[in-house]
Amino acid sequence: MATIFTKIINREIPATIVFENDKVLAFKDINPLAPVHILVIPKKEIATINDIKEEDKELIGEIFLAIGKIVKDLGIDKEGYRVVANCNEYGGQEVFHLHYHILGGKKLGTTL
């Protein structure tokens, strides 16, 4: 599948990494929609939410544990933040590698 996120995982292109373990990578979005805009991805290639399998449930848990750590490390856990996942073209997904957006650092309205 080889997306831009795969290239970031493989260190073929640079990114400002804020979290990494053996299963999950998180980095700053290059076109932020909020003062804090972090992308959290599995290192395993999964194209969309629709492609998550039963065998991936531990990995998805790891992603959300990472999100909890990241928001605490960035100091946005108390004021609040949003976690967004887009799925397929009509859902606004541009990179077909599962990813979650952490948005925070300001009061977020009902839409971006």
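**Exercise 1. Find which element supplies the largest share of the lining of the largest pocket, then describe that lining.**

Step 1: Helix 1 gives the largest share, three residues. Helices here are DSSP runs of H or I with at least four residues, strands are E runs of at least two, and both are numbered from the N terminus. A pocket is an open set of points on a 1 Å grid over the protein atoms alone, where a 1.4 Å probe fits, with protein on both sides within 12 Å along at least five of seven lines; lining residues have an atom within 4 Å of a point.

Before going on: this is a predicted model, where local features need pLDDT of at least 70 and side-chain atom pairs count only at pLDDT 80 or more, while totals for chains, interfaces and linings use all residues. Residues are numbered from 1 along each chain as its sequence is written, and side-chain values use heavy atoms, with hydrogens and water left out.

Step 2: Helix 1 (4–9), strand 2 (24–28), strand 3 (36–42) and strand 5 (100–104) each bring at least two lining residues.

Step 3: The lining has 24 residues, with Phe5, Asp29, Leu39, Glu94 and His101 nearest the pocket centre.

Step 4: Sort the lining by class and you get 14 nonpolar, seven polar and three charged residues. Nonpolar covers Ala, Val, Leu, Ile, Met, Phe, Trp, Tyr, Cys and Pro; charged covers Asp, Glu, Lys and Arg; the others, Gly among them, are polar.

**Exercise 2. Work out how lysine 69 and aspartate 73 pair up, and how exposed each one is.**

Step 1: The two form a salt bridge, with the closest N and O atoms 2.7 Å apart. The criterion is a side-chain nitrogen of Lys or Arg within 4 Å of a carboxyl oxygen of Asp or Glu.

Step 2: Both sit in helix 2 (residues 57–74), and because they are four residues apart, about one helical turn separates them.

Step 3: Lysine 69 is partly exposed at 43% relative accessibility, whereas aspartate 73 is exposed at 52%. The cut-offs: buried is under 20% relative accessible area, exposed over 50%, partly exposed in between (1.4 Å probe, protein chains only).

**Exercise 3. Trace the salt-bridge network that includes Arg11.**

Step 1: Start with arginine 11 and glutamate 20, whose closest N and O atoms are 2.5 Å apart.
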